[in-house]
Structure formats: C-alpha cells, structure tokens
Amino acid sequence: MAEWTLRSVPRFDGESKAAGELEFLSDLFPDGCLYASTVRSPHPRARVLRVDVSKAAMLPGVRAALTAKDVPGLNAYGVFVQEAPVLAEGMVNYVGQPVALVAASTEEGAERAAQEAIVSYEPLKPVSSIEEALAAGAPKLHPSGNVARHGVLRRGDLGKAMKSCFFSLKATYRTQKQKHMFIEPEGGLGYVDEKGVLNLFVGGQSPYRDRLQVARSLNMPKEKIRVVSYPVGGAFGGKDDITVQIHLALLALKTKKPVRLVWTREESGEAGYMRHEFLMKLETGVDKGGHLLANKAVLLADTGPYQSFGPAVLDVAMENINGPYLIPNYFVDATLVRTNNGISAAFRGFGAPQANFAIEGQINAIAEELGMDRLELRRINLWRSHEEGNFGKKLGDCDGLRQCLERASASELWRTRRKHVTAKPWRKRGVGVALAVKGLGFGTLPDYATAAAEVDPDGFVVIYFSNPDYGQGLVTANAQLVAEKLQLPSKAIHVSDADSGSAPDTGSSSASRSTYTAGNALLDACEQMLMVTRVEAAAALKAPLESIVYTRGSFTASSSASDAQASISIFEVARLMRSRGLSTKFEGTFAVPRHDSPVSGSLEIPHLIYDFAALVGEVEVDELTGFVRATRFAFFPDVGRVVNPVLASAQCDGGIIQGLGYALMEEHIYEKSIPKTKNFTTYLVPSPTDSPDEIYTEFVRTFQETGPFGAKGVGEIPIVPVASCLADAIRDATGVTLRELPMKPERVLSALRRRA
Amino acid sequence: MIGIILELGGPFREKHGQWHTLRLEEDATIRDALARVGIKEELYIVVVKNSKRAELSDRLNDGDVVVAFPPVGGG
C-alpha cells in the first residue's frame, strides 16, 4: 500500500516561494560584490576589426575588462558541438553575441564601462532564413557550409507504397521561434573561495556538465570548480546549455572578488536560446480503410549560427514525425540549417511539438478526407506493445497510449462536441484532438546517474542529487519516493541543493528524466542504506541477521518481538555507526535502459520508454476578428505511476498553457536577423485572461516497470499536442485549416477571408 | 594481462566505433583503455565503470565494463 506516492504532498519550497522569501541565484548580493556587464554585437553578421577595452578598464571602479584573448582554454562551448565562442574573435554571427566583459564596483559603473569598450565592425549581409541559407551562393556561416547536420531515416519502399495508396495528402507546415520567457533571466554569482575553488551559483540545468564546460574554457581541473544550480526561476530548456557560467568564471578568477552577472530581459531576448523554427513538407498516404501506408517528410530547422542542442532536437523531430503510429514505409530527410538568427537550442518538447503539429495535422486532414472519425483513424494505426516499431526495434509497453485514446474518446468534451454552439453567430465553437508521444531521456545515448542518501542520528535522512528544480517539483517528488522506500514521513526527508560540491552527478534536468533517473538512483542508495544498517542493527540487537525486519524506520528482531530491547531505530543505528567513525551516507546508481545502438541516420533514435497523451480542446473563434480563445481542455496523459498528483497536474496545466501560447500568440520575430520581440511588451505570452476556463487532467493508470515505484516523467508531454489540437479545433469550428504557427488573429482572419 | 569491454557513446561512437574488447596490462587505467582506441580527451568526458561513475585514473580489473562518452543532454 503506497503511503507517500500517489499523494499530493505540498511542494517543499512552496511556502517560501509564495511568501517571496526564497532567494534565487540572481538575488544574491554579497558584500563587496562586483557587477558585470556584457559587450554585445549589435550586428547579426560582421567582421570584428578591433576590440579595445583599455579605456573601459581605466574607468573608476572597473576591476576587469576582458576579451577573447583572456580566455585561457577553449574559446568555445556547446553541449554537442563546441563552436559558440565564449567571446567573439574575428566574426560575430548574431545580434547579442558576447564580445567583451567588464566588471565594476557598481552596476552603473559596469554599464558605463561596457559602453566605453571600443569595437569596430565591418557589417556583412546576414543569412536571415532557412531558404536564404540554402540558396545557391549564400554566404557560408561555417567552413563546412550552412548545413550543420543532415539525417535520413528510411523504411520499406516509399515510392511503391505511395503509388498503392488510396489517398495521399501533401502539405507544408511551418512553426515559429518561441522564447522561454522564464521569470528569472539568465544569471548568477561567481567567486573564488579561500581554498582556491571557483564557486558558481548559476541558474542552470546541469551542474556537472556546466562544470566540465567551464573547465574546458578555463583550462583548469574540474575539481577546482563548484557549480550550484538551485533555486532557479524557470528554465524550460533555456538554461540547459551555457549562458553566464564561463563569463562569471573568467571575471571571478580575474578579480578574485565575488562577481554578479544577471542578464536584463532585453539581453535574454537577444542572446538567450529559443525553440527551433521548423519548415516541414509531408506527404502521407493511406489505404481505403485509413491504414497509414507511407509517410514522406522533409524537415528543415533553423538552429542559428551555432548548433548547441540542434543536432539532438533534429533527432527528436525525426523520431516524432511518424507520430505514435505504425507506418511501414517512410522516408525522413532532415536538415539543420545555420542562419544569423540567434541560437536555437533546448525547449520543453525538444523538436516534438513541431513534428507533432505536422503529423497530427496530416492525420486530422486525412480523417476528414476519408470521412472517418478522427480518433478511429488513430486507433487503427496506433503503436502496439512489444511489437516491432517504426525503427525496427521492439516497442515497450504502449498500453498507456491506447488508454489515453480511449479516455479521450469517452470524455464529455469529445462526446458532446457537436452540441457546442455560441449565442453569437459570428463566434464559432469547435473541438479538436491530438495524440502525442515523447521519449523519456536521451534515447540510445548513454545515461547514468549517481545519487546519495544519508541517515542522520537526529531523525532525518538527507538526499543528494544534482538535478536542479526550476519549478517542476522534482525535489518534492524525489523526497516522496525516498519516504516511500524508507517508510518514513516525507518531512523526515531533507533535500540537498543541486551542488556539484556535495551532490553526486545525476545528470541534467531535461528530457522528462529527472524523477525517473534520480528517483531510481536514490532508491538504489536507500537499498544500500537498508542493507548496511540492517547488519549494524543485527549486531546492536545481538540477533541473527535473518531475524531482522525493517518497518517504518525501525529494525526489529522478529524472534523476540515482545522484548523491548529487540528494536532499534535506523537513526540510533546511524548514531552507533558514526560513533565508530563509519559513514552513514550511501551512494546509489542507475543506468537508464536503452536500445543497443541508434538506427542508421540518427544520433539517438529510438527511445526505449515514452510518455504518451491525448488532448481534447475546445476553441471559440471570432470570425469578425480572427481571435481564437481556447476555452476548455481535457487531457489524458500516460506518465507512469503518478508520484504527486497535484504537482503532476500543475505540470500539465503549465505545459498546456505554454503550448497555448505557442499555438496562438508567441513568436520571436527576426527581421533581417534583427530580433524585434525582446521583452514582454513585444513578445506576447498567455495572461490569465487567455487561460482556458477549464483544464481537466486525468492520468491514465500505468506502471513503468523500470521506473521508481512505476513512475516515468511529466515535464514535456503536456506541451507536445497543444498546437495540433487547437489547429484541429479551429478547423472544426470554421472549416479553415491552418498549417502555420502561431495561429494569431491576422493569420486566422486571412484564412477565413480566403475561405469566403 | 586483463580483458575489459569498452563501450563508446555519442560522438566518440561515431568516430571510434561503439564496442571494443581490449587486452591491457595488469595496472592499466581507464585512461590507458581510451588511449588504446585513440581517445585522448581529458576534460569533456564522462566515464562509467561497471555502471558507476569513475575517473580516468581509476585502475581496471579483469572483466570490467567501461562506458565513455562526452556529456550528453537533450529533451
């Protein structure tokens, strides 16, 4: 009987966040700290002819003025490919690219010094779109050209299959750049302590990986670097790669003072990461009965001048472009393109929302063409558990996918969709549907986690793992898993910070993996703890080991249960162990299960474990203005066994509303590679008035055999189907099919006029 | 001599192949095993020995399984 999972324990940091008492990393102002500012390129593409910071360095209060020459190690960063310069040298390739750094005793002094830095540029014509990048004679943004990665997946005989189809649909889909718009912009604090260790308190998603990237650019041993990444005021993938870490490290080492570097909202708008823009051309064919026979997909993604996570984002899009449907013949041709439009990188869903918009659009349009029920068409093509999947590997348990579809089909919102009318004839209501799939973790890439649990004689257990909690609630969820394992109240579980100085490397908070991966490693640590402390308890009780039973924090010698001395708490055992100089901290590990190797043409396809979901959504479209309001959602996700229903539902609410923004209004606009939407004045995000009247979430009941107490992950799946679902709802309401995001009023209105 | 299995992941796999069975000297380290297949990366690398995080300087024993890869990530 579960006591601490399937239970809505209040978020551990909820009260302090709600009261405004929790200090985020950009709230840290230690005595005597310096303020840093970044000199940035105003040009999307230019030769850098001269960088002179000598005048800036002479200003009163200025303690450091650094250029590329001051980077002692590799002047490049990037998780997959190290090519984005720490500080530009010779060329700049996007607006906002860092060229120099200054640090001064006041914020104003730092800004003044940044303005006094002299940088001479020779502006060059930028490459401003996917089409321009691939045009003959386009300027080369990289010695190898403007194609950063090209991948091809194929199965069966596409040409033959397409010819045999009863019907095939050709369509082009375009999705836009989306900004993360977290409340706390990129930033942090760095200092060198009395032991010579470089400490970086930075809003990030992977302390250990950040540490390695800093070590590489600073040319210093990783052991001399400590990265702490908790608490973080939002990330959504936008803090997964390097932001301020290396800059802070350079300045702290140079000045030997604490240095604070926090980007302004506009800097975040210019230089922060974003979701990849995709152009997707599909041709999808079916037989008379609606069975999918063939899918041809050409995907083009704008990654900006440097790749960052681009290669892996492209992979996830390639994996998702066939949806959760068995398609015996396909050809997927995917290209990652370089432009001068800033760097696109990780963002919740990581290529899946884009691909989902295209394939679900195809499915809904095909159903309409065939006169089939939209869910029935999906049902007959669904992945099937333990059968060979699209990538020639056996699928895992997909029963949750079937359950998601069935629950959507039985939902009140879906069943009553024909009755949805408004009082005003120019306002049309419609109901849409979409399925979604998203791999958990890094596919076939190796993924290992280490975590620790320490039992304290004072009556609590401290758990250590390095996944930053940036709002997901994973700290609370992982504490609940440990509470369940140790049969202790969740309040007896204390959680250490995501600190490379104290917590083992659990990997990054990304890919919906943190609860699954850290949770499993923590459960292993608890297993080690119970094994050792049981032996110690047997010795203390002078009882045979086999007679020792652990229940609710106590070991009891079962053969003499009536003896008051025959029981000892795990905390008393810890006291005895420590009195003998023994450690009461135990490490656990977890290797994420994966397929042996990626399919040809990919980096990491396929995943072994997937989250699934079905989303039903209702919209009201004002045909006079083109304004679309999403009014209700019914969401049916399979995220394995739910650890904390309230926190998991909050993840679903957040993901759906973020997806609503992506579908209807959010767009990071570049004009000739100049960013135009750098703050909340120009970049629209959903406000409370845009939020739906209702989001009904019902988790389908599944149990992931390899998950901690059956859990998978919930971070990404809610955002994946939203745009597809709303496009279908708009079509249902108006008869207009939109294949470009965002579906903002002018775009909807234009389509309505074309319909007329 | 000892025998170990080395798996390379990510870009290491693409450049050097995925699976390697190696015969090494008795006092060999993980660094020695990686050098044998041409990997000299010292900084940007994660190594795992028998499913546990390890260091390049860690000694190897007969039958060890080592996985090495650049730090990964994703969504």
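In which crossing, left-handed or right-handed, does α14(A) pass α15(A)? In this predicted model, the crossing of α14(A) past α15(A) is right-handed.

**Helix pair in chain A**
- Helix α14 (residues 474-486) and helix α15 (residues 514-541) of chain A pack with their axes 9 Å apart, at an angle of about 30°.
- Angles under 35 degrees count as roughly parallel, and α14(A) and α15(A) are therefore roughly parallel to each other.
- From α14(A), the contact involves Leu474(A), Ala477(A), Asn478(A), Leu481(A), Val482(A), Lys485(A) and Leu486(A).
- From α15(A), the partners are Ser514(A), Thr515(A), Ala518(A), Gly519(A), Leu522(A), Leu523(A) and Cys526(A).
- By class, nine nonpolar, four polar and one charged residues form the contact of α14(A) with α15(A).

**Contact between the chains**
- Chain A contributes 28 residues to the contact and chain B contributes 16 residues.
- On the side of chain A that touches chain B, at least two residues each come from α6 (207-218), α9 (310-320), β19 (448-456) and β25 (585-591).
- The largest share of that side, four residues, is supplied by α6(A).
- The residues of chain A on that side comprise 14 nonpolar, eight polar and six charged.

**Chain B**
- Chain B contains two helices and five strands, in the sequence pattern β-α-β-α-β-β-β.
- The radius of gyration of chain B is 11 Å, which agrees with the value near 11 Å for a compact globule of 75 residues.
- Of the 75 residues of chain B, 37% count as buried.

Terms used:
Residues are numbered from 1 along each chain as its sequence is written. Chains are lettered from A and ligands numbered from 1 in the order in which they are written. This is a predicted model: local features need pLDDT of at least 70, side-chain atom pairs count only at pLDDT 80 or more; totals for chains, interfaces and linings use all residues. Axes are lines fitted to C-alpha atoms, for helices over the stretch in contact, and angles run from 0 to 180 degrees between N-to-C directions. Angles under 35 degrees count as roughly parallel, over 145 as roughly antiparallel, 65 to 115 as roughly perpendicular and the rest as oblique. A crossing is left-handed if the near helix is turned anticlockwise from the far one by less than a right angle, and right-handed if clockwise. Two residues are in contact if their C-beta atoms, placed from the backbone, lie within 7 Å. Ala, Val, Leu, Ile, Met, Phe, Trp, Tyr, Cys and Pro count as nonpolar, Asp, Glu, Lys and Arg as charged, and the others, Gly among them, as polar. The radius of gyration is taken over C-alpha atoms; the globule rule is 2.2 Å times the number of residues to the power 0.38. A residue is buried if 20 or more other C-beta atoms lie within 10 Å of its own, exposed if 12 or fewer, and partly exposed in between; C-beta atoms are placed from the backbone.
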